[in-house]
Amino acid sequence: MLGEAPQRLVRALGEMYGDAAAADWLGKLSELAEEAVARRELTVERVQNPGGRSSLVVLVRQQDGTPAALKIAPEGAGPDLERAALAHWNGWGAVQLLDRGETGGELLLERLHSEVSLRSLPEAKALLEAAGTVRRLWVEPPADHPFETVARRTARQAAAMRSAGPSLAPLVDAALAARDELAASAGELLLLHGNFRQGKVLAGDRSPWLAVGPDPLVGERAYDLARLVRDRVEDLVATAAGASATRRRVNKLADSLDVDRSRLHGWTLFRAVESGVRATAAGRHQEAELLLEFAGWL
């Protein structure tokens with residue numbers, strides 16, 4: 001039914017979990033997909049390719065002919081947490097979960113237009129639409145929720161960052177200092193997307209733009225907004241005015257969403273440096289250089 005898994009997924013899983021663990025899960029993927037399709041009595045159209053970096057997405061139709069997307073992810077990608085967040089949002093600003101009674105690594109979702117994300121829009125328009133979308137996601141989390149806090153997640157990330165080489169020490173030290181101050185003074189505990197950026201907002205029929213692919217956690221809005229600040233970082237780095245444009249973007253996004261500028265600045269620094277250190281460790285040197293140059297402007 002599936003054929004070969006998309007190469008983008010194969011490479012990303014190998015990087016995240018190691019080649020052996022990735023190969024083990026990928027070897028079971030066809031069976032997992034066939035079982036999930038049969039249990040839900042779906043009709044397969046095609047596998048989305050190149051697809052995502054952490055899951056396989058199969059475009060399907062339900063029994064009544066309604067189009068849908070079946071997402072299949074390894075346990076390490078947190079599909080149960082994604083399910084819990086999508087169920088809580090219940091389609092408000094995010095893709096609708098269609099199989100709320102299910103558990104496990106497969107999610108049946110409403111079909112969006114995966115080929116049209118906010119990255120297809122001019123930058124100013126994309127940021128405006130992104131701000132309107134993410135605002136809807138910031139709600140009180142459910143009682144007894146399973147989500148990690150920003151403080152706990154960033155504490156784990158900070159521990160890994162301390163092993164970065166001496167050449168990165170000044171940026172890492174600044175990022176860790178910002179993280180410590182922000183984590184100690186945070187007051188909000190809202191449900192966050194966790195990985196919000198332009199590419200995670202797709203065109204829909206029910207609503208013009210809907211968020212997908214959350215890595216949910218609980219914390220303050222500035223943390224969630226920080227990843228959006230560095231969208232299209234390659235364009236920022238390519239211009240002579242990249243540093244000033246970055247600072248203007250921080251201020252504009254903070255003001256448009258009533259987020260404290262200094263807190264957004266601090267979380268943007270931490271998240272850019274953390275991503276840059278991780279990219280360096282994974283051998284993605286071009287990506288790391290972009291991220292660390294961006295971080296140096298903050």
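Guide: Let us begin with a term we shall need: a salt bridge is a side-chain nitrogen of Lys or Arg within 4 Å of a carboxyl oxygen of Asp or Glu. Please keep in mind throughout that the model before us is predicted.

Visitor: Between which side chains is there a salt bridge of 2.3 Å, N to O?

Guide: The general idea is that side chains of opposite charge can pair when their charged atoms come close. Here Arg249 and Glu123 meet through their side chains in such a salt bridge, at 2.3 Å from N to O.

Visitor: How far apart in the chain are the partners Glu45 and Arg111?

Guide: Glu45 and Arg111 form a salt bridge in which the closest N and O atoms are 3.1 Å apart. They too link distant parts of the chain, being 66 residues apart, with Glu45 in strand 1 and Arg111 in the loop between strand 4 and strand 5.

Visitor: Where do Glu274 and Arg278 lie?

Guide: An α-helix has 3.6 residues a turn, so residues three or four places apart point the same way. Glu274 and Arg278 both lie in helix 10, four residues apart, which is about one turn of the helix, and their side chains meet in a salt bridge of 2.9 Å, N to O. Glu274 counts as buried at 9% relative accessibility, while Arg278, at 44%, counts as partly exposed. Elsewhere, salt bridges that share partners join Glu35, Arg39, Arg40, Arg83, Asp99 and Glu106 into one network.

Visitor: What is the order of the four strands in the open sheet?

Guide: To read a sheet, follow which strand is paired with which; in this open sheet the order is 1-2-3-4, and the pairing is antiparallel. Strand 1 (43-47) and strand 4 (106-110) are at the edges with a single partner strand each, so one side of each has no neighbour in the sheet. From one strand to the next, the twist averages 30 degrees.

Visitor: Which strands does helix 3 touch?

Guide: Helix 3 (residues 79-89) packs on the sheet, where it touches strand 3 and strand 4, and its direction makes about 35 degrees with that of strand 4. Strand 3 (residues 67-72) pairs with strand 4 over five bridges in the antiparallel sense, and Leu70 stands opposite Leu108 in strand 4.

Visitor: Which residues of helix 4 are buried?

Guide: We call a residue buried when its relative accessible area is under 20%. In helix 4 this holds for Ala126, Leu127, Ala130, Ala131, Thr133, Val134 and Leu137, and the partners that these buried residues pack against include helix 3, helix 7 (221-229) and helix 9 (242-256).

Visitor: Which residues touch the most other members of the largest nonpolar core?

Guide: That core has 68 residues, and those touching the most other members are Leu86, Phe196, Leu225, Leu264, Trp267 and Val273. Helix 10 (residues 261-281) gives the most to this core, with seven residues. There is also a second, separate core of 19 residues, with Ala33, Val37, Val47 and Leu108 among them.

How values were computed. Residues numbered from 1 in each chain as written. Predicted model: local features only at pLDDT ≥ 70, side-chain atom pairs only at ≥ 80, totals over all residues. Heavy atoms only, no water. Pairing = 2+ DSSP bridges. Helix = DSSP H or I, 4+ residues; strand = E, 2+ residues; numbered from the N terminus. Axes fitted to C-alpha atoms, helices over the stretch in contact; angles between N-to-C directions. Contact = heavy atoms within 4.5 Å. Buried < 20%, exposed > 50% of the residue type's maximum accessible area, 1.4 Å probe, protein only. Core = buried A, V, L, I, M, F, W, Y, C linked by side-chain atoms within 4.5 Å.
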